[in-house]
Amino acid sequence: MRFTSERHLDDGLLEREFALDEIPGVLWTPASATAPVPLILLGHPPLGLGRMYPRLVARARRAVADGFAAAAIELPGSGDRPPLAAVERARVDLRRALEAGEPVNDDIIDALVLPLVDKAVPESQAALDALLSLPEIGGPVGYSGGVISVGIRLAVVEPRIVAAGLFAGSFVPRLMFEQARQVTIPLHVLLQWDDEGNDRQAALNLFDAFGSKEKTLHANMGGHTGVPWYAGEGAAEFFARHLR
């Protein structure tokens, strides 16, 4: 991992951009920390770190204020990274189905999401290797938000992640429902009840499938972009319970 920039933001926030081979990322840490702190890995949709930066830095500010570090890496096929050919083809099929008013079938969902998961999860694990080697970060690790299928896979295969806050939504492949049954870490799941782009019943079925003994579903009225400000308080309290 190679740091490429450093700047001090207000509220005692140190922001450093880094490169992990060809993968860009951002790390936020408390500027005044005197001991290693836990880490929250911030997930995000495949829209590019640049576009998602305002939301990511807002989440990072809260994490740092609570005594944690936060980091995010660019997803495969996003930002300036080369596109994933299989995902691009699936996006064409998805647009065609939506424009024709046809249901989005499982084959399209699998082709759209699984190649991203298969590549993003090992990259996230490599990022954890690098981040946890830094003297200012000591673990444990939480995963917050992003593509829910990536979060599910990480929760199954990555033992360093001890708690996850997931955003219900996006298209979920059939395989992810099976893998959800293998998830045992504490979960905090946020659902927008009237999210016009997501299947509410599928989100509820996925929540029911999770094997965790401690799992909480926070459902709020409103569409995809109508997440109330106080929803972040519940997520912050969840990570404070499990990472401190």
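I start with the second largest cavity, whose lining comprises two nonpolar, two polar and four charged residues. The residues around the second largest cavity are Leu191, Gln192, Trp193, Asp194, Asp195, Asn198, Asp199 and Arg200. Its volume is about 30 Å³. Please keep in mind that this is a predicted model.

How many cavities of 30 Å³ or more does the structure hold? There are two.

Which elements each supply at least two residues of the lining of the largest cavity? Strand E4, residues 37-43, does, and so do strand E5, residues 69-73, and helix H3, residues 106-131.

Strands E4 and E5 come up again with the helix I mentioned, H1, as they are among the elements that cover the buried residues of H1. Strand E1 (2-9), strand E2 (13-20) and strand E3 (23-30) are also included in that cover. The buried residues in question are Leu49, Met52, Leu56, Val57, Ala60, Ala63 and Val64.

H1 spans residues 49-65, and at Arg55 the helix bends by about 40 degrees. After H1 comes Gly67, with a positive phi near 95 degrees.

That is what I have for today.

Definitions and conventions: Residues are numbered from 1 along each chain as its sequence is written. This is a predicted model: local features need pLDDT of at least 70, side-chain atom pairs count only at pLDDT 80 or more; totals for chains, interfaces and linings use all residues. Side-chain values use heavy atoms; hydrogens and water are left out. On a 1 Å grid over the protein atoms alone, a cavity is a set of points where a 1.4 Å probe fits but cannot get out, and a pocket is an open set with protein on both sides within 12 Å along at least five of seven lines; lining residues have an atom within 4 Å of a point. Grid points are joined across faces, edges and corners, and a volume is the space filled by probe spheres set on the points. Helices (H or I, at least four residues) and strands (E, at least two) are DSSP runs, numbered from the N terminus. Ala, Val, Leu, Ile, Met, Phe, Trp, Tyr, Cys and Pro count as nonpolar, Asp, Glu, Lys and Arg as charged, and the others, Gly among them, as polar. The bend at a residue is the angle between axes fitted to the seven residues ending there and the seven starting there. Buried means under 20% relative accessible area, exposed over 50%, partly exposed in between (1.4 Å probe, protein chains only). Contact means heavy atoms within 4.5 Å.
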